Amino acid sequence: MYDYKAAFETAVEQVKGEGRYRVFADLKRVRGQFPMAVRRREDGSEQDVVIWCSNDYLGMGQHPAVIEAMTVEIEAAGAGAGGTRNISGTTRSAVDLEAELASWHQKEAALLFTSGYVGNEATLATLQKILPGLIIFSDALNHASMIAGIRHGGCERHVFRHNDLGHLEQLLAAAPADAPKLIAFESVYSMDGDIADLKGTIALARQYNAMTYLDEVHAVGLYGETGAGVAERDGVLNQIDIIECTLGKAVGVMGGYIAADAVIVDAVRSWASGFIFTTSLPPALTAGALASVRHLKTHPELRTAHQERAQALKDRFAAAGIPVMANDSHIVPVMVGDPVHTKMVSDMLLEEHGVYVQPINYPTVPKGTERLRFTPSPNHTDEMMDALVSAMDKLWSHCRIARMPTAA
């Protein structure tokens, strides 16, 4: 007789044996005190901690304008959306939010999904139904949701080396000239923090008659004059065919969306199972996201402060010889290179120093490149940074992890 329980136990033990088993911290966020939180230990005692790995990059999840909009909406409309969009789940705040998002990205239309993951998976799979014979060219470091959507559709696909436009062009040139093509890539890659060459990618797309699909989940709200992303910063919003984003990071709420020409959005809306057959976002969430987007569009000082905080932390790590990975974005990754050490440092930072940062291990990053990924916000103070760097300095020595040379 097959031992089902043993199979599951073996699967868990395999993860533990590789040093990448995750234990979720029991955290209670306190409104108005981000990035501070209260951790509940296993024995029931509590500990004040500083969150250093949140994707709520600007603290909008606790912004008064967002909280007020959600409170007003839940009082007015109730808790749930009532079903799928096709049956009974289209609410006024969702319609208004889609219009706002389309305007933000200078597109004709936008379409909401329940998460950024679902948006990628559903859209990329659906495009393969709409465009028979489609060939997709995917960056090697694209997010798991993009990979899932591409695989789900079953079309011919080619993976080009990360941010290597020369390799991408070789693959495009070898493809049939009359076949429909799509280049799928991200603007900011969240694990390394590097940024794609949007203009160069667009030029290749035009040369080889390919569509462009840009994931801006780690850039929306954070780059560009109004926060519409790297495409806005680089002046190419009108040259990207489909933009995919999240509402769960810099916007501070939950959900995902695409923005594109109206006919593209209409086709995806009509064909995507991941949209058609799922309950839509509650009105409080769409109202909160709408308030957040409107605030972000008119407050560029948040983006300025965010970039300053990220650079300040990078400089502090470098001065201490902590191996921070160089990049041009707001992501602050610190290389450890071993899953056991990465988890050990993460655990000790939390237990001994009140610093919450999750280890980033395989399969999120390749084996041998395990790291800690810090995401400072405008709310992280100099004092918080100094305490973090001091703790990291002690643990680097304690765990005998390699350092980087410091400036003389």
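Reply: The account below begins with the chain as a whole, then turns to the backbone, and ends with the cysteines and two further residues. The model is a predicted one.

The protein has 14 helices and 14 strands. A compact globule of 408 residues would have a radius of gyration near 22 Å, and the protein agrees with that because its own value is 22 Å. Along the principal axes, the C-alpha atoms fill a box of roughly 65 × 60 × 55 Å. Of the 408 residues, 53% count as buried. Among contacts with a separation of 6 or more, 71% are between residues 24 or more positions apart. The exposed surface comes to about 18200 Å², with 53% of it supplied by carbon and sulfur atoms. There are 36 positive and 49 negative side chains, and the centres of these two sets lie 2 Å apart.

Now the backbone. Most residues other than glycine have a negative phi, and most peptide bonds are trans.

One joins Phe34 and Pro35, with omega at about 15°. Pro35 lies in the loop that runs between β1 (27-29) and β2 (36-40). The other joins Tyr362 and Pro363, where omega is about 10°. Pro363 is also in a loop, the one between β13 (359-360) and β14 (371-374).

Asn163 has phi near 55° and sits in the loop between β6 (156-160) and α6 (165-174). Asn163 is partly exposed because its relative accessible area, 31%, falls between the limits of 20% and 50%. Arg400 likewise has phi near 55°, but its place is the segment after α14 (382-398). At 78% relative accessible area, Arg400 is over the 50% limit and therefore counts as exposed.

The structure holds 0 disulfides. Cys399 is accordingly in none, and the nearest cysteine sulfur, that of Cys53, is 18 Å away. Cys399 has 8% relative accessibility, which is under 20%, so it counts as buried. Cys245 is buried as well, with a relative accessible area of 0%.

Thr201 belongs to helix α7 (residues 198-207). Its relative accessibility is 3%, so Thr201 counts as buried. Apart from neighbours within four places in sequence, Thr201 is in contact with Leu165, Leu168, Ile183 and Phe185.

Asp347 is in helix α13 (residues 339-353). Its relative accessible area of 37% lies between 20% and 50%, so Asp347 is partly exposed. Asp347 and Ser115 are 232 residues apart along the chain, and their C-alpha atoms are separated by 29 Å.

To return to the request: the cis bonds are those joining Phe34 to Pro35 and Tyr362 to Pro363, and the positive phi values belong to Asn163 and Arg400.

Key:
Residues numbered from 1 in each chain as written. Predicted model: local features only at pLDDT ≥ 70, side-chain atom pairs only at ≥ 80, totals over all residues. Heavy atoms only, no water. Disulfide = S-S within 2.5 Å. Buried < 20%, exposed > 50% of the residue type's maximum accessible area, 1.4 Å probe, protein only. Helix = DSSP H or I, 4+ residues; strand = E, 2+ residues; numbered from the N terminus. Rg over C-alpha atoms; globule rule 2.2 N^0.38 Å. Contact = heavy atoms within 4.5 Å. Areas by Shrake-Rupley, 256 points an atom, 1.4 Å probe, with all protein chains shown as cover. Lys, Arg positive; Asp, Glu negative; His and termini not counted. Charge placed at Lys NZ, Arg CZ, Asp CG, Glu CD.
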